[in-house]
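Welcome! Please take a look at it first, and then read on.

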Amino acid sequence: MNLSDYKTIESLLKKHGFSFKKSLGQNFLIDSSVCPKMAEFACDETYGVLEIGPGIGVLTKEVSKVAKRVVAIELDERLREILPQTLADCQNVKVIFGDAMKLDLKSIIEENFADCQKVCVCANLPYYITSPIIMMLLESKLPIDNITVMVQKEAAERLCAKVGSRESGAVTVAVDYYADAEILFHVGRNSFMPPPNVDSAVIKLNIRENPPVEVRDEKKFFSLIKACFAQRRKTLVNTVSNTTNYSKDELRNALGELGISETVRAEQLTIEQLANLSNKL
């Protein structure tokens, strides 16, 4: 079955009475040139691959040609009858229906990839839940080597931005703490069915063995990061004092001891400076 052919997919979906749900951010990837590139960047024959949101299995099929084993997690129960047809030739693929945000992914990895040398995540993520899924994967500290995902272009630029640049935000700092992020290539909106209103990009997050900075309390560090970027137009002193229990004097003193201007904005600080501020406070 040619899953890159619009008419083939349209006929298949019509046969099963399937209609796209905006609430699930369903835009199925149908560009035949994109998925093989994603698979090549993500893994090789030694990998077990965890896919989130396979849709009709276009990416799944390509990854299965490269990886040793694939486990695809799908939320939409309406695809239960469709996926066995589209993935009929993929003997190394297992589909699990459920919510990836709620499933025990560590157990799924242990049960299915015991004979794989490495594990990674490869997915075309729904735009509405991109950051929550990525952060869940990173914060869970799963035994994975990398995360290669398709996301909205603007999200890709934010996730892969340099900490300390205008494009950076709280999620940029969080991603940089756990992984080395890069944009691999861009994908036009016409590569999807139905076409979204935005362009996309494929990014790869190579998981770090150790964070690039040392923080005394990770929970307090990330809480501070969230507060720092809560009101981007305001200075760090003002936004953090407005959203935490730290007073302006405490913040000014901490910044002064670190040799940082009290008028600085969060986006101007490196991850090292943010870590030092967290430790000082």
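A nonpolar core is a set of buried Ala, Val, Leu, Ile, Met, Phe, Trp, Tyr and Cys residues whose side-chain atoms join them within 4.5 Å. Keep in mind that this is a predicted model.

**Nonpolar cores**

- The largest nonpolar core has 65 residues, and I134, L137, I203, F221 and L236 touch the most other members.
- A second, separate core holds 37 residues, including A42, Y47, V49 and V58.
- Leaving aside residues up to four places away in sequence, I203 touches I134, I147, T148, V149, V151, A156, L159, C160, E182, I183 and L184.

**Aromatic pairs**

- Searching the whole structure turns up 6 aromatic pairs.
- In one of them, the ring centres of Y177 and Y178 are 5.2 Å apart with the planes at 90°, so this pair is edge-to-face.
- Y177 and Y178 are both buried.
- The ring centres of Y177 and F221 are 5.6 Å apart with the planes at 40°, so that pair is tilted.
- Y177 belongs to helix α8 (residues 170–178) and F221 to helix α9 (residues 218–228), so their pair ties together parts that are 44 residues apart in sequence.
- Like Y177, F221 is buried.
- Y177, Y178, F221 and F222 are linked into a cluster by ring pairs.

**Charges over rings**

- K37 lies over the face of F185, at 4.0 Å from the ring centre.
- R80 lies over the face of F97, where the distance to the ring centre is 4.3 Å.

Key
Residues are numbered from 1 along each chain as its sequence is written. This is a predicted model: local features need pLDDT of at least 70, side-chain atom pairs count only at pLDDT 80 or more; totals for chains, interfaces and linings use all residues. Side-chain values use heavy atoms; hydrogens and water are left out. Buried means under 20% relative accessible area, exposed over 50%, partly exposed in between (1.4 Å probe, protein chains only). Contact means heavy atoms within 4.5 Å. Rings of Phe, Tyr and Trp (its six-membered ring) pair if their centres lie within 6.5 Å; planes under 30 degrees apart count as stacked, over 60 as edge-to-face and the rest as tilted. Helices (H or I, at least four residues) and strands (E, at least two) are DSSP runs, numbered from the N terminus. A charge sits over a ring if NZ of Lys or CZ of Arg is within 6 Å of the ring centre and within 35 degrees of the ring normal.
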